[in-house]
Structure formats: structure tokens, C-alpha cells
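Q: Could you take me through this structure? I'm new to it.

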Amino acid sequence: MIWKEKYKIGVPLIDAQHEELFARVTNFVETLRSDKEWDEKVNSVNDTLGFMKDYVVTHFRDEEAYQEEIGYPGLEEHRKTHQDMVSYVGSISEQYEQNGFKEITMQQFAGKLVTWLVNHVVADDQKIADYANQEGK
Amino acid sequence: MKADLLTPFTNAACQTFKLLLDVDALAEAAQGVDGESDQSNRVHVAIGITGDLTGEVLYRFPADTTLEIVKTMSGMEFSEIDEFVTSALGEIANIISGNAVTDLSQMEIVCDILPPEILGDGTQARSNETTYAFTARVNTSIGDIEVLLQLQS
Ligand SMILES: [Fe+2]
């Protein structure tokens, strides 16, 4: 995934976290899409997946704390969007473990994740920036 | 009057292309999209609608447009329509439809959408069994997407 300047919301902590999140998702997706046989790459896929998932939790928590701090009126809706993603990631992970680490589960998950993340950053997270600017925060 | 119900979907498609892909898009009403165009090299994504409206919206993406969309978002090369690609496309359709439904709610029409269903190319599509009453085309620099809406009265 390519990090773009236009994704920035103007809050250094959140921007740095978004960039880091993009880097971790990219690492996961590039490992997943690499030209190796599944057997050869499944362990590194699982490592990069775990590394990415940990960061999602940290980032969502910090981003919600920032929204609370500035009194963002869309916080509850935004929190729900985060929670829905976290529960989707949870249920996919469970399915993946139960089916013995099938590649198809990860390919489907990663395709959706990339799209979701780009949209979330350019649409939902930008709204936080719009509010902060408008309120002079 | 009901053809207006398609507008939130085509508007949302244009906005999503602009926002996620930096691609300009323009919608046009298209009569008879259903029968005329070649469906053999398209990926179909259907999304069910429930609530004040009941039915389905169907998006038809040309295969090369699909690959271009996924390449733009991921920054990686894709040469075939695989599970990653269809899942990414399903999420695009989900985002478009979600935004359309939000738009409809401002017109006091309250609906929910169902998870996207990938119907593969034209051979697997259900358009033979289902009549899509409202059709439009969204023209973009990376290809034209067809948007079809079918509602139960
Ligand atoms: Fe967020």
C-alpha cells in the first residue's frame, strides 16, 4: 500500500500511526502475495498478520482517545466502525485457525482489509480532521 | 420516479472512485444495458437490499478495470481475478452501497444492505433470472462500470 500525503489528518500521533499501520498491512500483504508456495510462506504470513493485528488495537484505542479529547460528535459511530472491524478480524482469525491455516481465508481477508483501510482513512478519519479544523482544535 | 433511486448508487460510485482511487467518474443513464453489453469479461458483485426497499443492486466491473482498482489501492501488481481481488472488489461494492443507503436515509428511505456476493463473470450471473429495472453506466478513465437495480414493488 502506498502512503499518501492526502491521507494525513494533521494530528502527528494519528498520522504517524496510520503510516505505521499501512507499513504493517503492506508487510503482511506482500508476504501473502509473494511468489512462494503456501507451505513455505505460511509462517511468515502468520507472523506479519499478528504484528499487524496488534497494531490495529493500539491505533484504534489512541484514535478514539483523540476523538474524545476534541469532543468529536461522530465518536460513537466511529467507535462502532472500529469495533465492527475488530470483530471481523477476530472471526476471520478464528476461522483461519480452525481450518488449519488455509491460504484462501487469508487472501479473502487481505483483499477486504486493504480496501477497508484505504476507505476508512480517506473517508471516516478525514471527517475527524474536518471537525478539528472547523473548531480550530 | 423510481429510476431516481438509482442516482444515490451512481453518485456514491463516482465519489468512491474519486476518493479511493483518484479516478474521475461520470454517471449516465443507460437503457438496455442488461441485454446489450458483453458480460463475458466482467466481474459481477450483487448486494441485497432490505428495509423500505427490497431488492438487489448489481455492479458489473470489466476484468481489466477490476485489476486496475486493486492495483491502485494496494500498490501491487495483479494479473488475474483471484480471491484477493474479488474480495477487494466486494468491499468496494459494499462501500458504495453503504454510502448510497446513507444517502437514501436522508430521503427518509431506510434500508440495510447484505454482504456482497461475487457472481463471477456473466456466465454465473443471475441476470438471466432477475430483471433489473433500472440501469446506469458509470464512465471512468479505467473503464465503465454498470450499475443495475432491481426492486420488488
Ligand atoms: Fe479510524
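Q: How many residue pairs are in polar contact between chain A and chain B?
A: The count is 8 residue pairs, both at pLDDT 80 or more; a polar contact is a pair of N or O atoms within 3.5 Å, where within protein one must be able to donate a hydrogen and the other to accept it, and residues adjacent in sequence count only if both atoms are side-chain atoms. This is a predicted model, where local features need pLDDT of at least 70, side-chain atom pairs count only at pLDDT 80 or more, and totals for chains, interfaces and linings use all residues. Residues are numbered from 1 along each chain as its sequence is written, chains are lettered from A and ligands numbered from 1 in the order written, and side-chain values use heavy atoms, with hydrogens and water left out.

Q: Switching to chain B: what does β2(B) pair with?
A: β2(B), residues 42–51, runs antiparallel to β3(B), residues 55–62, with 8 bridges, and antiparallel to β4(B), residues 111–113, with 3 bridges. Strands pair if DSSP finds at least two bridges between them.

Q: And what links β2(B) to β3(B)?
A: A hairpin of 3 residues. Ala46(B) has Leu58(B) as its bridge partner in β3(B).

Methods. Helix = DSSP H or I, 4+ residues; strand = E, 2+ residues; numbered from the N terminus.
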